[in-house]
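The report below is meant to be read alongside the sequence and the coordinates.

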Amino acid sequence: MKKSSVTIDGNEAVARVAHKTNEVIAIYPITPSSPMAELSDVYSTKGEKNIFGTIPEIMEMQSEGGASGTVHGSLQTGALTTTFTSSQGLLLMIPNMYKIAGELTPTVFHVAARSLAAQALSIFGDHSDVMAVRQTGFALYSSNSVQEAHDAALITQAAALKSRIPFLHFFDGFRTSHEVSKIELIDEDIMRAMIDEDLVYAHRARALSPDNPFIRGTSQNPDVYFQGRESVNNYYSALPDIVQETMDQFATLTGRAYHLFDYVGAPDAEHIIILMGSGAQTVHESVDYFTSKGEKVGMIKVRLYRPFSLKHLLAALPKSTKAIAVLDRTKEIGATGEPLYLDVVSALNELRESGELGFSMPKIIGGRYGLSSKEFTPAMVKAIFGELLKQNPKNHFTIGIYDDLSHTSLEWDRSFSIADDKTFRGVFFGLGSDGTVGANKNSIKIIGEETDNFAQGYFVYDSNKSGSMTTSHLRFGSKEIKSSYLIEKANFVACHQSVFLEKFDILRYADTNAIFLLNSPFSKEIVFSKLPSKVQQEIIDKKLRFFVIDAATVANNSGMGRRINTVMQTCFFAISGILPKEEAIAKIKGSIQKSYGKKGQKIVDMNNAAVDNTLANLFEVNVPSKVQSKTGMTPLVKGDFDDFVKNITAKIIAGEGDEIPVSAMPDDGTWPSGTTQYQKRSIALEVPVWDPDTCIQCNKCVLVCPHAVIRSKVADKAILSDTPSLFSYVQAKGKSFEENEQFIISVSVEDCTGCALCVEVCPAKNKSQTNLKAINMRPLEPIHAEGAKAWDYFTKIPAYDRSKLDHTKVKESQFLEPMFEFSGSCPGCGETPYVKLASQLFGDRMVIANATGCSSIYGGNLPTTPWRKNDEGRGPAWSNSLFEDNAEFGLGFRLAIDKHAENARELLLALRDQIGAELCDAILTCKQNDEPEIFEQRQRVEELKKVLENIKSKESERLQTLADYLVKKSIWLMGGDGWAYDIGYGGLDHVLASGKNVNILVLDTQVYSNTGGQQSKATMTGAVAKFAAGGKAQIPKDLAMMAIAYGNVYVAKVAMGASDAQTVKAFVEAERYEGPSIIIAYSHCVAHGYDLRYGMDHQKLAVDSGLWPIFRYNPELIKEGKNPMHLDYKGPQTDVKNFMYQETRFKMVEKLNTDNAIEYLQTAREHAKEMYKRYKNIEDMSSVQEGEI
Amino acid sequence: MDLTTTYMGLKLKNPIIVGASPLTATFDSIKKLEENGAAAVVLHSVFEEQINYESREIDHFLFKGSESYAEAIGYFPEVTLSNLESEDYLKEITRLKANISIPVIASLNGVSKGGWIKYAKKLQEAGADALELNITYIPTDTDTEARDVEQLYIDALKAVKEHVSIPVGVKMNAYFSAPAQMAKKLVDAGASGLVLFDRPVHVDIDLEDLNSIQVINKSSSKDLSETLRWSGILYKKLDVSLCASTGVHSHEDILKAIMSGADAVQMVSALLQNGAGHLQNVLNDLTAWMEEKEYVSIEQMKGSISLAHTSNPAAYQRANYMRILTEFRF
């Protein structure tokens, strides 16, 4: 059989098999499994057929619950069906998993195993999700590497068909799903040989069919249900042997042998580690190392975890075993141990009881490791073996953390390494989207596919969507690579952005004598002198060979703009010595042709030019023997912060979060608000600078700034003394301001991401130079220090009195202090301007339920939090429950707060005589409809609290705890379209129907932005998205119309870029409406494919094209005898193409299928007209008077 | 009535070619033009910058924001794009050639030699009967010399000519200091036809938005003057086909163009205004006029009032009007 090697990641390795061996695939996005679904969609869109000669049908569902239901249905009607998921998604599938297993239906669910949301969400890998479904009746099969995942996808598919038992095939999220590795591909003929078509027919024959009718899924009673559950036992007891037979068959065909329990180590091993998942690779590698040193150790990789075969475990375990450590990558609180540990304990006990064990019962301890992709290294393996040697080893231990609270953790020797010198280890630091990761993936491909070397790549991203640091860990070598952990000692370190060197200790990764490559604008003569002293010291101490390239200049001169991927890749090959230089260069050029050939000769030429220019501009630096610099590292946090920020937040920012001990962690998931202000990231190359003379004081720049870095204030001239040089002000315009009042705009240059939305939205042009506006982008560095001073000065100027401002006016609303600032959202984000606006208008009385998605990530992804409080200590209280339940979660807030308020009012009445009638009545009758009324109510409540202190009674005590609820609270349910249109729609609909006073803000980007742009029901016709690789053919769901149908729901559809005035009005009206309100806000997004500095222009185009109607439907007006429907647009004003073809998401359809492109445009055109007719009809109908009906 | 003419070696059933425009952008529209009597079509232009820009643009935006965050390694599906080099344009030519009988002239717009040549070859392979090069270069640099600009045109033409065997025409602009010599240089470099003239997009200023803008300015019969002058001057001076463009709206404009020396005309604005049916009307009017004036063929009148054959050469030669009492020879 011919062998073909490819370098791909775990998700692709699985998808390639799953797509070939199934007929129907139901999908839903969830990290880190989404790429399996995305690839399946792409394969089918391209027309790739499965091994049965037909193109699998791909169906995206509204949730994983929906996907599992569809899988169940498809299986019941006889199609080979699969799905992919992770974490919460898997939990949503549980009910159907019981059904599928209960009905003995063969299928395989492929799971990239991930943590579950508990005290916090985590997207990273562990077995919490998988362990939560071990009782469903699914067989659980673990694969530990990319190759194994590829193989297991086929083995489980074949075994499922043979056994009729459904399988859950899992592999570690990120570590395996996203690790790029060189693997051998399974040939299609092998797949055909493994999948017995008679079993496929048998599956089909069991299908529901009117041609062979029967009933499945009855309701059973006490008389027979129990027996029914027991009726399947024989299938499960037969399964282990079936799986082993299938593995053996696979081994015959491919040469790759697997066992239910694979033993590795000394034949006479006394100390054994048992585990599953990618950590098993690390233990395997470590055991090889220790046994080579003569140690009697071994390990068992558990592959088939459910059903758990005692017989096979026993066969794998050496008779010499004295002590076993069972490692679980999950935590089961309150149990006598984690699941795998308990299984091993009970298995060996049972074997001992039955007399089958055949040797003395070994000591067994259990431990937890690697939760949420926590590193698990050979040093930790050594510590565990060390523990087993002890007389009384610690049971229920943890490894990889420092648990100073309940003292579970084992110590490990951080300097211990088994890194093999024959394996090349490179670590590369890049800026998100600078091409570093892509270049590295490409290098892996070149080395993996064009040489005999093994290759491995793993990529780490930070928690920001803008200006993030990427770290690539690459290993190459002639030996198979089993190291499933990050590189700690690299022989090649590349820093693709010199600014990182000043912030992070990058050279701690460098081994002695390593090569260090730096991308720097400085020449080889002076570059060393520009480094911080710590870095210089490390270069000298570690005897590093230091190379420098000015990649930005080389890339730019080669026509590549800011993309330095090809340049840095060429440097890597030129100096790493991994391949002979000439050969490497030829291979890079070959791969350029392969990657870019389709994109046009121009791009190929540019890249080739970049390769040649690189070689001419790459220099080795003469390293002096002594440190020359006095420059220290750039501090990562600034400002007046507390110990929490110092000890926790700052550590996480510095990349030292692993060192934080258990005792320092908040135990219930509660974190302080407003810590983004301390993390001055200074990531923008250019920042806005205000020109007061040109400014017309409209405050639009303040409104649209996604990161709240542009702010305006009005202040008395008298207080503006000793102003910093970059601090400007000008006489405030407008009749609400006094003559002494000055208008100020200030920019936090260190928090700006440089998106330039502000410049584009600025309506004022310089009269002498019309290419200048009242706010213009200028390079950061020359004004960095002065800009920061100006901002500092600005923050100390008091905020304008809220109660004196008209909140319904754009300009005045922007003097309100934002309580959402400096988030990690993308530069130019279209969502955050709305979020910030809500925080300005209602922040001091807001409680926010935030659906999982972009807004929960930039809103709550550690280390820092953008939601903050004002000087009075008030501000938004924010929480994220889940993706699917956000509306219900927020409704819960409303119910509790209403209950508190009602109770407070009851107590107030009960204590009326003691408190005083005047105060009580004033509190009870205040409508709190506007800012002054709320302000007054707050004053009254403060007075009440004072009065209550002197009233000693149970009622008074109760009222003291509830008094604050007498001030209006604003409940906001926020999330994206994935939540509102799809997964959370059922709950959202119920909340709308409840009549309760909640405000729903849908940040509608028309895709699942956070997971990388999968289509939702909001996706517009003709847009290419993941899961709609050929462009979406259907029209989007009209969520607004569905909400209007209730009649008592305030509904607004807004687009800030089309009408900011309408947007602000809608927010104020929605909040004021005493019932459910929903605002659907057009949010431009990086997934739309254009320069987001034009985001607001595109919003306007979307509205002008008629594809995004804007209007407000206010049921309050019905009571006043007015028309509740107000259209804020005039119908389609420009052809849809003028909007659509400005964005890559639509335009690329032209490059995929011209006929479809024409058809989609026509559908969109008609849809725009239809919507206008629909809304116009409502407006016209609504003006019909009562008497006319 | 013999309306036939020959342009760049292509036999045309009448002198009306529909010029590069939205009218020649779709198959259905071209089919309609043929039905209404068009003798040939110049397809809408493929812009060199567009070919290059589009592929770079899409590449840029598909990549933008990717590899930055663990949950969203990219924002678009990994699809294989095609048509990035206007492959559809090539397919359209092939489809047209199979379905219509009039000549199809492909049009390329740009200045550099680079990717263009490859594309010209592809156009020929796709079945184009001829190529029309629209070389438009606005020398904004104060150091650029006139000769350099001229050379740019010559080089581009030569490069294309080296790679194709079908006739290549050049759409000239009217702003050369010495248009006649420039025309000669182009002919020497291999041009089989000269289209007089290109009508560049106009510049305007938007007083509302305080910005400079581009405006497409449709021609009228009044714009025919420069075309008449230069076809009249160049007629018989060079071994090249001449095509009158800009301001050809009516049968009268056609007659004037042919009489000045053009072999054919290109019509666009009049058709954009009046639709494809206008072609029939113009052809009917043309025939009627010729019948009335007892002309038997287009060939018969070609160049009859050119500089060489006019009784009033001063009209072509003089920039300013001069009252001349009598004509006499020195």
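## An enclosed strand in chain A

Strand 35 of chain A (residues 1077-1082) has 6 of its 6 residues buried, so this strand is largely enclosed by the rest of the structure. The model is a predicted one, and the descriptions that follow should be read with that in mind. On one side of strand 35 of chain A point A:Ser1077, A:Ile1079 and A:Ala1081, while A:Ile1078, A:Ile1080 and A:Tyr1082 point the other way, and all are buried.

Strand 35 of chain A is joined by 6 bridges to strand 31 of chain A (residues 999-1004), and the two run parallel; within this pairing, A:Asn999 stands opposite A:Ser1077. Strand 34 of chain A (residues 1050-1054) is likewise parallel to strand 35 of chain A, to which 5 bridges join it, and here A:Val1051 is the residue opposite A:Ile1078. Between strand 34 and strand 35 of chain A the chain passes through helix 37 of chain A (residues 1060-1072), making a β-α-β crossover that is right-handed.

## The sheet of six strands

Chain A also contains an open sheet of 6 strands, in the order 9-11-10-13-14-15 and with mixed pairing. Its edges are formed by strand 9 (261-265) and strand 15 (397-399) of chain A, each of which pairs on one side only, and from one strand to the next the twist averages 25°.

Which strands does helix 11 of chain A lie across? Helix 11 of chain A (residues 279-292) lies across strand 9, strand 10 (271-275), strand 11 (297-302), strand 13 (323-328) and strand 14 of chain A, and runs at about 160° to strand 11 of chain A. Helix 13 of chain A (residues 339-353) packs on the sheet as well, where it touches strand 10, strand 11, strand 13 and strand 14 of chain A, and its direction makes about 145° with that of strand 13 of chain A.

## The sheet of nine strands

A further open sheet in chain A has 9 strands in the order 1-8-17-18-16-19-20-21-22, again with mixed pairing. Strand 1 (4-9) and strand 22 (619-621) of chain A are its edge strands, each pairing on one side only, and the twist averages 25° from one strand to the next.

## Chain A as a whole

Taken together, the secondary structure of chain A amounts to 42 helices and 37 strands. The radius of gyration of chain A is 32 Å, close to the 32 Å given by the globule rule for 1189 residues, so chain A is as compact as a globular protein of that length. Along its principal axes, the C-alpha trace of chain A spans about 90 × 85 × 75 Å.

Of the 1189 residues of chain A, 55% count as buried. Among the contacts in chain A with a separation of 6 or more, 77% are accounted for by residues 24 or more positions apart.

## The contact between the chains

The contact draws 39 residues from chain A and 34 residues from chain B. On the side of chain A that touches chain B, helix 2 (34-45), helix 15 (436-450) and helix 21 (601-617) of chain A each supply at least two residues. By class, that side of chain A has 13 nonpolar, 16 polar and 10 charged residues.

## A buried leucine in chain B

B:Leu242 lies in strand 12 of chain B (residues 241-244), and B:Leu242 counts as buried because it has 31 C-beta neighbours inside 10 Å. Apart from neighbours within four places in sequence, B:Leu242 is in contact with B:Leu194, B:Leu196, B:Ser231, B:Leu234, B:Tyr235, B:Gly261, B:Ala262 and B:Asp263. B:Val170 is 72 residues from B:Leu242 in sequence, and the two are 10.0 Å apart in space, C-alpha to C-alpha.

Notes
Residues are numbered from 1 along each chain as its sequence is written. Chains are lettered from A and ligands numbered from 1 in the order in which they are written. This is a predicted model: local features need pLDDT of at least 70, side-chain atom pairs count only at pLDDT 80 or more; totals for chains, interfaces and linings use all residues. Two residues are in contact if their C-beta atoms, placed from the backbone, lie within 7 Å. Helices (H or I, at least four residues) and strands (E, at least two) are DSSP runs, numbered from the N terminus. Ala, Val, Leu, Ile, Met, Phe, Trp, Tyr, Cys and Pro count as nonpolar, Asp, Glu, Lys and Arg as charged, and the others, Gly among them, as polar. The radius of gyration is taken over C-alpha atoms; the globule rule is 2.2 Å times the number of residues to the power 0.38. A residue is buried if 20 or more other C-beta atoms lie within 10 Å of its own, exposed if 12 or fewer, and partly exposed in between; C-beta atoms are placed from the backbone. Two strands pair if DSSP finds at least two bridges between them. A crossover is right-handed if, with the strands pointing away from the viewer, the path from the first strand over the helix to the second runs clockwise. Axes are lines fitted to C-alpha atoms, for helices over the stretch in contact, and angles run from 0 to 180 degrees between N-to-C directions.
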